[in-house]
Amino acid sequence: MFGKTNMFYYGLAYVKTVTFMKEDACWIRDQVKQHTRWFEQSLPMIASENLMSPLAKEMMISDFHDRYAEGMPGKRYYQGNIYVDKVELKCLELARKIFDAGFVDVRPISGTVANIAVLFALTEPGDKIATPELASGAHISTAPFGAVGLRGLNPVHYPWDYKNWNLDIDATRKFLRKEKPKVAQFGLSVFLFPTPIKELEDALQDAGCMVWYDAAHVLGLIAGKKFQDPLREGVDIISGSTHKTFPGPNHGILVGNDLSDEVEAKLRKAAFPGVTSSHHLHAMAALAVTMAEYEIYGKKYASQVIKNAKALGSALYEMGIDVMCPHLGFTESHTLAISVANHGGGAQVAQDLERANIIVNKNMLPGDTSSVKPSGIRLGTQELTRLGMEKGEMEEVARLIYRVVVKKEDPEVVKKDVWELKKEFTKVRYCLNEGEEAYQYHELV
Ligand SMILES: *Cc1c(COP(=O)(O)O)cnc(C)c1O
């Protein structure tokens, strides 16, 4: 079939393709390396991100990644899960302890996937669900164009107290009694203050609804016992991401208490085979490691995250920056919401800060109508805290932000000082570190 010439061309094309592919692979790796170097030199302050511990990261590139496990430990559909089962049982045990919960499922592979599992377990298309509105800081998964819409639900929104960045309690009591939603969902992506769920107890009971708390942002603060304790305040089921204030892998979790057998079965079925097949075993192992570490360091970490957010908020406020809710101490979480309407708007300010290697996101504030050109930015202290930063550093961070946002200094100049500060904070804290406790067990066996 191949004449001499054909063979020659075929061979050349092959060589060319291989070279091309190889160049692509190397180029991609190089981009990732450049990204990593960039973030080492930056102040990452996106409120939904965090850093994993070295030991948890090691799990992510283990052989667990290459395997499948379907179903629950001890009842798998595949062989080869002896160690996977042991690790998952430990993960469940640690989660039950940390959250003081009877029901845990660690199979949803992200917060959104956990939310979809809850929606499928607790609702039918056409049901009414009460949620905060996007403009109040809610997440897209509860928006009509997100998972709530996908499930065909009819969302109604809580009356909001914009000044206090929280529910209007009295109006919400009336609203719940009137609307009688099938599910009352709480939780935000700009989560400054605990949700007053206890205060709504009677109204929630009168409405006869299931109470669902989306803890994606604040899971680490809850696990560190520093924010609120939803399961003791009337919440039936918590969903969450395990990579925001909880400094684990990109993954999801479901946690509940006193659920009926029927609801538990529905949640399990929704988690698998509903929204997952295999549940990213490497991430599950990394989650287990993070939980073991969090048992030791979690309270200290969560407490420092919040202290830092408050310190950063007041430092910025004293420099004349319009941090939301000064009358409430700015925040009780890792997050700050800031109006930069007088400094060019959220989109421009976020871009300028990025040029100075301070990474934040633009964010809608109450009254905004455009998500593309909002008046605010959102900052989180969870990652800088994870690197060991405290109050003194928060004041320095505030000054760097001030120079870009208010003084309009050249970001390229500020960038150098960002690196000067960041240079001293290269190691993940509040975890077991290589050469220290982490490997002692391994050395013993
Ligand atoms: C981030 C977030 C989620 C979803 O998170 P992923 O893990 O990225 O899917 C869900 N709900 C809220 C409130 C969030 O902020």
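What follows is a chat in questions and answers about this model.

Modeller: Quick note before we start: this is a predicted model, so to speak, where local features need pLDDT of at least 70, side-chain atom pairs count only at pLDDT 80 or more, and totals for chains, interfaces and linings use all residues. Residues are numbered from 1 along each chain as its sequence is written, and side-chain values use heavy atoms, with hydrogens and water left out.

Biologist: Which helix gives the most to the shell around the ligand?

Modeller: The shell has 13 residues, and the closest are Gly 111, Thr 112, Ser 189, Asp 214 and Lys 244. Helices here are DSSP runs of H or I with at least four residues, strands are E runs of at least two, and both are numbered from the N terminus. With 3 residues, the top giver is helix H4 (residues 111-122).

Biologist: What is the volume of the largest cavity?

Modeller: A cavity is a set of points on a 1 Å grid over the protein atoms alone where a 1.4 Å probe fits but cannot get out, and lining residues have an atom within 4 Å of a point. The structure holds 2 cavities of 30 Å³ or more. Lining the largest are Ile 98, Phe 99, Ile 222, Lys 225, Asp 229, Pro 230, Leu 231, Arg 232 and Ile 238. Counting the space filled by probe spheres set on the points, which are joined across faces, edges and corners, its volume is about 50 Å³.

Biologist: How many nonpolar residues line the second largest cavity?

Modeller: That cavity has a volume of about 40 Å³, and its lining includes Tyr 158, Trp 160 and Phe 186. Ala, Val, Leu, Ile, Met, Phe, Trp, Tyr, Cys and Pro count as nonpolar, Asp, Glu, Lys and Arg as charged, and the others, Gly among them, as polar. The lining has no charged residues and 3 polar ones, and the nonpolar count is 7.

Biologist: How many residues apart in sequence are the parts that Tyr 158 and Phe 186 tie together?

Modeller: These two form a stacked aromatic pair, 4.9 Å centre to centre with 5° between the planes. Rings of Phe, Tyr and Trp (its six-membered ring) pair if their centres lie within 6.5 Å, and planes under 30 degrees apart count as stacked, over 60 as edge-to-face and the rest as tilted. Tyr 158 lies in the loop between strand S6 (154-157) and strand S7 (160-161) and Phe 186 in strand S9 (residues 183-186), so the pair ties together parts whose separation is 28 residues.

Biologist: Which helix gives the most to the lining of the largest pocket?

Modeller: A pocket is an open set of grid points with protein on both sides within 12 Å along at least five of seven lines. This one holds about 850 Å³ of space and has 27 lining residues, with Asn 50, Leu 51, Met 52, Lys 57 and Glu 383 nearest its centre. Two or more lining residues come from each of helix H1 (4-40) and helix H2 (54-60). The top giver, with 4 residues, is H1.

Technical notes. A residue is near a molecule or strand if one of its heavy atoms lies within 4 Å of it.
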